[in-house]
Amino acid sequence: MKATKKQTDGYAHEPPTVQQLTTMLSVHKVRPSQQRLMILEYLLTHHNHPSVDMIYNELLIKVPTLSRATVYNTLNLFLKAGLVRVLDIVENEARYDILTDFHGHFKCNTCGEIFNFRVIDEALVSEELKGFGIDDKNVYFKGTCPKCLKK
Ligand SMILES: [Zn+2]
Ligand SMILES: [Zn+2]
């Protein structure tokens, strides 16, 4: 298991145990398999809003028999089960987010990384939206991350 990277977004990145992963799948009525557990673990320990290819390329090192279709199908299954959601901050590429609670995203236009930040949901309620039914809320910022600004 890979050591957790130090991140600054305030979310826990501790590597989950196999038991925790299995329970998480069961709660969402997804039958656990070796590959599903691996993909779930990747999502929980990275928080980098990966694409299918990002997950596939990294897991292929550990599991040479893994197919891209398996990763794609697993993410679709997770999506239907409500385990992940898809971000539409990146054009023409589905990026998956394991954090389904409300939070904002900052996309760096230089390195392409997508960062999480906490947003106070209540601060977004507007008087002008009284009487509207809201299905989806997104907070997207784009710009340059601190690392790229230093270059
Ligand atoms: Zn950057
Ligand atoms: Zn996110």
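Reader: What separates the centres of domain 1 and domain 2, and how do you know where the domains lie?

Author: The centres, taken over C-alpha atoms, are separated by 23 Å, and the assignment gives domain 1 as 18–97 and domain 2 as 104–149, where the bounds come from an automatic or database domain assignment. This is a predicted model, in which local features need pLDDT of at least 70 and side-chain atom pairs count only at pLDDT 80 or more, while totals for chains, interfaces and linings use all residues. Residues are numbered from 1 along each chain as its sequence is written, and chains are lettered from A and ligands numbered from 1 in the order in which they are written.

Reader: What makes Leu25 count as buried?

Author: A residue is buried if 20 or more other C-beta atoms, placed from the backbone, lie within 10 Å of its own, exposed if 12 or fewer do, and partly exposed in between; Leu25 has 20 C-beta neighbours inside 10 Å, and therefore counts as buried. Buried residues make up 14% of the 151 residues in the protein.

Reader: Which residues does Leu25 touch, not counting those up to four places away in sequence?

Author: Leu25 touches Val30, Pro32, Arg36 and Leu40, a contact being two C-beta atoms, placed from the backbone, within 7 Å.

Reader: Why is the place of Leu25 called a helix?

Author: Helices are DSSP runs of H or I with at least four residues, strands are runs of E with at least two, and both are numbered from the N terminus; Leu25 is in helix H1, residues 18–27. The protein has 5 helices and 5 strands.
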